[in-house]
Amino acid sequence: MNEQLTKLTGEALEKIAKAQDLDALNGVRVEYLGKKGLITAVMKGMKDVAPEDRPAFGQVVNEARQQVEEALEKAKQALSEKAEEERLKAEVIDVTLPAKKANIGHGHPCQIALDEVERIFIGMGYEVVEGPEIEWQEYNFTKLNIPEGHPARDEQDTFYINDEILLRSQTSPVQARVMEQGKLPIRMIAPGRVFRSDSIDATHSPSFYQIEGLVVDRHITMTDLKGTLDEFAKELFGPDTKTRFRPHHFPFTEPSAEVDVSCFKCGGKGCRFCKDEGWIEILGCGMVHPHVLDMCGIDSNEYTGFAFGVGLERIALLKYEIDDMRLLYENDQRFLNQF
Ligand code: DAH
């Protein structure tokens, strides 16, 4: 019996020494010490041993068992340590490797220009508000003094969803929406996308951006309008910029004007950039028509206001000297990364 046990123990110890991983080790445990294990079987043979020999027999088997158990435990520890070491080795980060290049995006020239315009007006105490791109014709036209049949509806032909709802052709409806809220005084700009049924060329697109401006308070005069827009032009295009107000017509303002800035390329002498005019048109504006104030629930006897509308693309094209509007919509990184 002793001999058999020594042999089994020897075998077990040898297998433990050879085990390459924890799974193999567990296999050895099951083979020798498991319920149906070889050493366990010897232990079960106790009942066939003469009673007087049992204590000695028990001791021998227990010793063998203990020996194997200890060897298993040691091997387990060694294998776990080895596994841990290998894991750490595999996870080592080589800090000397070159970093992956982070390909971060780039501000769009229109966004950069809009940020600049917002910064200027926020600095003058204006609020930035937004209105819907899908709009009632009532707000896009009627409340702005452009009743059905008015020729201005044709000039701003847009995409109709039905007779009453359209893609707004201008940001001016935001004026009506803000005035209707009735919180006075008003000092706001409203940037956003507008739509027209125009074909695409170097200066036109069926979808573009405008920035609307509106001020309503007691005692607002044309002087406030001129001073504000002159300051805006100087901040945007440089302190030497001059402005020129030309009479114009918009249905929702009276009087109305278009504003030119002195060419910031040639200083007004005339060059290719300003087509030899010395001036460049940048926006439309005027004093809010009393009829519009009344239609939007503001007493035109007590309040006056001014409004303006700027094309954002036009500002970006001028400011960054881009000669074709289509470049703004192509999302070509080689173009965008220049600004
Ligand atoms: N909404 C006008 C357009 O799209 C631009 C405009 C002109 C807006 C004069 C105004 C304004 O607020 O006072 O052509």
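**Reading a sheet and the helix across it**

Author: Let's start with a pair of strands: β1 and β4 pair in the parallel sense, with two bridges between them. The model is predicted, so local features need pLDDT of at least 70 and side-chain atom pairs count only at pLDDT 80 or more, while totals for chains, interfaces and linings use all residues. Residues are numbered from 1 along each chain as its sequence is written, and side-chain values use heavy atoms, with hydrogens and water left out.

Reader: Okay, but what counts as a strand, and when do two strands pair?

Author: Strands (E, at least two residues) and helices (H or I, at least four) are DSSP runs numbered from the N terminus. Two strands pair if DSSP finds at least two bridges between them. Strands of a sheet pair through backbone hydrogen bonds, either parallel or antiparallel. Here, Glu-127 has Met-188 in β4 as its bridge partner.

Reader: In which sense do β4 and β5 pair, and over how many bridges?

Author: Antiparallel, over 10 bridges. Look for Arg-187, which stands opposite Val-215 in β5. On we go to β5 (residues 207-217) and β9 (residues 304-311): that pair is antiparallel too, over eight bridges, and Glu-212 is partnered by Gly-309 in β9.

Reader: What is the order of the strands in the whole sheet?

Author: Seven strands make an open, mixed sheet, and the order goes β1-β4-β5-β9-β8-β7-β6. The edges are β1 (127-128) and β6 (243-250), each pairing on one side only.

Reader: Which strands does α5 lie across?

Author: Helix α5 lies across β1, β4 (186-195), β5 and β9, at about 165° to β4. For such angles, axes are lines fitted to C-alpha atoms (for helices, over the stretch in contact), and the angle between N-to-C directions runs from 0 to 180 degrees. Contact means heavy atoms within 4.5 Å.

Reader: And which residues of α5 are buried?

Author: Buried means under 20% relative accessible area, exposed over 50%, and partly exposed in between (1.4 Å probe, protein chains only). In α5 the buried ones are Pro-109, Cys-110, Ala-113, Leu-114, Val-117, Glu-118, Ile-120 and Phe-121. They fall within an arc of 165° seen down the axis, so they line one face of the helix; the arc uses the directions from the helix axis to the C-beta atoms. The general idea: an α-helix has 3.6 residues a turn, so residues three or four places apart point the same way.

Reader: Is Val-261 buried or exposed?

Author: Buried, with a relative accessible area of 0%. Val-261 sits in strand β7 and touches residues including Ala-233, Phe-237 and Trp-279. The C-alpha atoms of Val-261 and Trp-279 are 5.5 Å apart, though 18 residues separate the two along the chain.
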